[in-house]
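These are my notebook entries on one structure.

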Amino acid sequence: MKPTSTAKPPDLSAEQIARSISDAIVARQLPPGTRLREEALARAYGVSRTKIRAALLMLSKDKLIRTMPEKGAFVSKPSAAEAREIYAVRRILESALAREFVLCAKPVDYKRIDLHLKNERQAIAGPDVHLRNQLLGRFHILLAEVVGNTVLTEMLQELSARSAIITVFYQSTIDAGCSHDEHVAFIKAAKTGDAARACELMVRHIEHVEQSLKFTGEHDGGVDLVSALLA
């Protein structure tokens with residue numbers, strides 16, 4: 001939901017504002033590195049700066065923005081080096097996760113994941129990039145939940161959030177479709193009980209996602225925030 005210059009919704013909540021800014025980030029109206037000035041946001045949405053701060057806190061928790069003391073809030077700008085580090089850790093963790101999942105998963109778990117894969121497929125065919133990436137990341141969290149290791153699940157939630165913001169900026173819709181296909185292939189192998197094959201497919205999947213990222217044409221962050229939000 002984005003405000004417009006002709007019909008600005010009255011009394012927006014912090015949640016609505018956070019969603020609107022999130023949509024603008026995902027649509028690349030607010031590229032990586034863009035400074036999010038509280039006064040500009042308050043003017044764009046017609047609300048108090050207190051409400052804007054609450055919205056920015058929500059976005060910060062989702063890793064969509066980063067806050068710097070005495071400098072303000074900025075749209076996250078993950079680097080190629082950061083992405084390599086994140087995916088290196090994911091390869092190690094998720095290879096072990098894949099093996100444990102094959103040993104633990106029951107028919108009811110596969111039923112739940114099959115439904116999730118259906119939702120993934122529908123999201124990739126639709127226009128909501130944010131939802132698409134949420135679901136692609138959620139797949140890996142579901143596997144960890146089946147295994148039942150709370151620490152591992154929390155670690156993957158953090159890595160998934162950081163991966164999601166990277167893919168928002170640097171992964172194409174075609175590559176996202178490939179990720180879904182690789183999720184399907186992994187589950188197919190897991191259902192046969194072939195843990196070695198499942199591990200191989202998971203590692204290959206993580207590698208493919210990393211290789212699909214295109215760190216070119218990064219914006220310098222010099223965006224007129226109000227104009228971008230009211231476009």
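**Entry 1: Overall fold**

I find ten helices and three strands in the protein. Helices (H or I, at least four residues) and strands (E, at least two) are DSSP runs, numbered from the N terminus. The model is predicted, and local features need pLDDT of at least 70, side-chain atom pairs count only at pLDDT 80 or more, while totals for chains, interfaces and linings use all residues. Residues are numbered from 1 along each chain as its sequence is written, and side-chain values use heavy atoms, with hydrogens and water left out.

Along the sequence I read the pattern α-β-α-α-β-β-α-α-α-α-α-α-α. I also looked up contacts (heavy atoms within 4.5 Å). Among those in the protein with a separation of 6 or more, 75% are between residues 24 or more positions apart.

**Entry 2: Buried and exposed**

The protein has 231 residues, and 47% of them count as buried. Buried means under 20% relative accessible area, exposed over 50%, and partly exposed in between (1.4 Å probe, protein chains only).

I then checked helix α2, residues 38–45. Six of its eight residues are buried, so α2 is largely enclosed by the rest of the structure. The buried ones are Glu-38, Ala-40, Leu-41, Ala-42, Ala-44 and Tyr-45. After α2 comes Gly-46, with a positive phi near 65°.

Glu-70 also has a positive phi, near 65°, and this residue is not a glycine. I located Glu-70 in the loop between β2 (65–68) and β3 (72–75). Is Glu-70 buried or exposed? Glu-70 counts as exposed, at 87% relative accessibility.

**Entry 3: Aromatic rings**

I count three aromatic pairs in the structure. Rings of Phe, Tyr and Trp (its six-membered ring) pair if their centres lie within 6.5 Å; planes under 30 degrees apart count as stacked, over 60 as edge-to-face and the rest as tilted.

Why is the pair of Phe-101 and Tyr-110 called edge-to-face? The ring centres of Phe-101 and Tyr-110 are 5.6 Å apart and the planes stand at 85°, so the pair falls in that class. Phe-101 also pairs with Phe-186, and this pair is tilted, with 5.9 Å centre to centre and 40° between the planes. Phe-101 is in helix α4 (residues 80–104) and Phe-186 in helix α8 (residues 173–191), so the pair ties together parts 85 residues apart in sequence.

Phe-101 is buried at 0% relative accessible area, Phe-186 is buried at 2%, and Tyr-110 is buried at 11%. Phe-101, Tyr-110, Phe-139 and Phe-186 form one aromatic cluster.

**Entry 4: The largest pocket**

The largest pocket has a volume of about 430 Å³. Of its 21 lining residues, Asp-62, His-130, Gln-134, Ala-161 and Ala-164 are the closest to its centre. On a 1 Å grid over the protein atoms alone, a pocket is an open set of points where a 1.4 Å probe fits, with protein on both sides within 12 Å along at least five of seven lines; lining residues have an atom within 4 Å of a point. The volume is the space filled by probe spheres set on the points, which are joined across faces, edges and corners.

I noted that α1 (14–26), α3 (49–61), α6 (129–147) and α7 (150–170) each supply at least two residues of this lining.
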